[in-house]
Amino acid sequence: MKARTNSRSFASDNNAGVHPAVMAAIANANDGHVIAYGDDDYTERAVKLFRQQLGKDVQVFFVFGGTGANVLGLKAGTASHHAIICAHTAHINVDECGAPEKFTGCKLVPIVSADGKITVDQIKPLLHEVGFEHHVQPRVISVSQATEMGTVYKPAELKTLAKFAHDNNMLLHVDGARIANAAASLNVKLKAITRDVGVDILSFGGAKNGMMYGEAVVFFDESLARDFKYTRKQGTHLPSKMRFISAQFEALLSNELWRRNAEHANRMAQLLARELEKISRITITQKVESNGVFATVPAKHIPALQRKYFFYVWNEAISEARFMTSFDTTEEDISNFVAHVRKVVG
Ligand SMILES: Cc1ncc(COP(=O)(O)O)c(C=O)c1O
C-alpha cells in the first residue's frame, strides 16, 4: 500500500516538490500576456543559457516531460526500419509503455546490463546484418546518464560509444533525465559529457532536479533538428504557455542551481548508502554515483517498511529496492528513515 500522505520518502526524485527559486520564477513569469508557443523573452533567455552550457550552436526545444523528450528526440534521428540499441534497464525500454516503439516505429534492441551501462563490445555483435533488408538497421545507441541503476558513464566511456556510433553511421542519444546528477558526480561541466564527447541528441531533465515539469530536447547537430518543430507539434509536446517551462529552466541554469541541487541529492545518496551499509541484513548492490541507492532488503520486511516510507522494489527476484534522494532531502530525513529501517529489519 502506497502512503497517501505528504510524508517525505525515498521512492523517487519525482516525488519531491519544486525548488523555491523555480517556484518564484514561475510566479514572476505570471505577469501579463506574452506571445504563446515560445515566441517570448523567457524562452529566448532560457535557450541562451542552454547554449552557454552546451555550445552556442545547439538547437533546444522544450517539451512537457521526459518520455516525450526521449520519444521525440529519437524520432528525429530515425526511420521506422531502424533499431535503437539500449540497456535492458533503460527507461525507454521498460518505463515508457512502448511509446518509443509506437511513435518511432523502431525496434528497441536491449542489451542485458548489470549496472545500467552498455559498452561497444556488447553492441558490436548487433551490427552483423547491416544492409540486409530482412533485419532492422541499427541507427541509435541510447544511453541514460545517470543510468537507471544510479551509475554514471565517464566522459571517456561516452566518447568511445559516440565514436563507435559515428563510425557505423549511428547516432548517440542520451536520456539525460538525470544529466545534472551525472555532471555533478563527475565534477565536470555539462558540455564535457555531451558536446565534447560527441552526443548527438540529448533529453535534458528538469523535473527530477527541482522543476515542476518540463524537459528539453537538445540537438548537437543542426540537421537533426530541421523538422523537429513539426515533430514536436505532431507529437503533442508543443506547450502553448511555453514561458512557464522556459522560466523554470532559466532559474535552474542560473547561478548553477542545477549543479547545487544535483550535488546535494548526490551527497544525500552517499550518506544514505553509508548508513544503510551499517545494517547487516542490507547489502548495497550498485555503485552509488548519483542520487540512487540500490540495496537488497529481506523480502519479509518490505511491507512493514513501505507502510511508513513507500519505495519501489526494483528486482523482486533478489528483493532489491531502489531509494532515491532529491534536492530537498535532509540529513534528518535520512536519519529518521534509517532508524525506521533498523527498527523493522533489526
Ligand atoms: C531515466 C529516465 N528517463 C526519463 C524519465 C522521464 O519520465 P517522465 O515521462 O515521467 O517525465 C524518467 C522518469 O522517471 C527516468 O527515470
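**Figure 1. Helix H11 over the sheet strands.** Helix H11 (residues 257-277) lies across S8, S9 and strand S11 (320-324), running at about 15° to S9. Here contact means heavy atoms within 4.5 Å, axes are lines fitted to C-alpha atoms, for helices over the stretch in contact, and angles run from 0 to 180 degrees between N-to-C directions. Helices (H or I, at least four residues) and strands (E, at least two) are DSSP runs, numbered from the N terminus. The model is predicted, with local features needing pLDDT of at least 70 and side-chain atom pairs counted only at pLDDT 80 or more, while totals for chains, interfaces and linings use all residues. Residues are numbered from 1 along each chain as its sequence is written, and side-chain values use heavy atoms, with hydrogens and water left out.

**Figure 2. The open sheet S8-S9-S11-S10.** Four strands form this open sheet, in that order and with antiparallel pairing, two strands being paired if DSSP finds at least two bridges between them. Strand S8 (283-284) and strand S10 (312-315) stand at the edges with a single partner strand each, so one side of each is left without a neighbour in the sheet. S8 runs antiparallel to strand S9 (residues 292-296), to which two bridges join it, and Ile 284 has Ala 295 in S9 as its bridge partner.

**Figure 3. Helix H10 against helix H11.** The axes of H10 (residues 243-253) and H11 come within 5 Å and cross at roughly 70°; the two helices are therefore roughly perpendicular to each other, a term applied to angles of 65 to 115 degrees. Ala 251, Leu 252 and Leu 253 in H10 meet Leu 257, Trp 258 and Asn 261 in H11. The residues of this contact divide into five nonpolar, one polar and no charged, where Ala, Val, Leu, Ile, Met, Phe, Trp, Tyr, Cys and Pro count as nonpolar, Asp, Glu, Lys and Arg as charged, and the others, Gly among them, as polar.

**Figure 4. Helix H8 against helix H11.** H8 (residues 179-186) and H11 have axes that come within 8 Å and cross at roughly 75°, which makes H8 roughly perpendicular to H11. On the H8 side, Ala 180, Asn 181, Ala 183, Ala 184 and Ser 185 take part, meeting Trp 258, Arg 259, Ala 262, Glu 263, Ala 265 and Asn 266 in H11. By class, the contact of H8 with H11 has six nonpolar, three polar and two charged residues.

Definitions and conventions: Angles under 35 degrees count as roughly parallel, over 145 as roughly antiparallel, 65 to 115 as roughly perpendicular and the rest as oblique.
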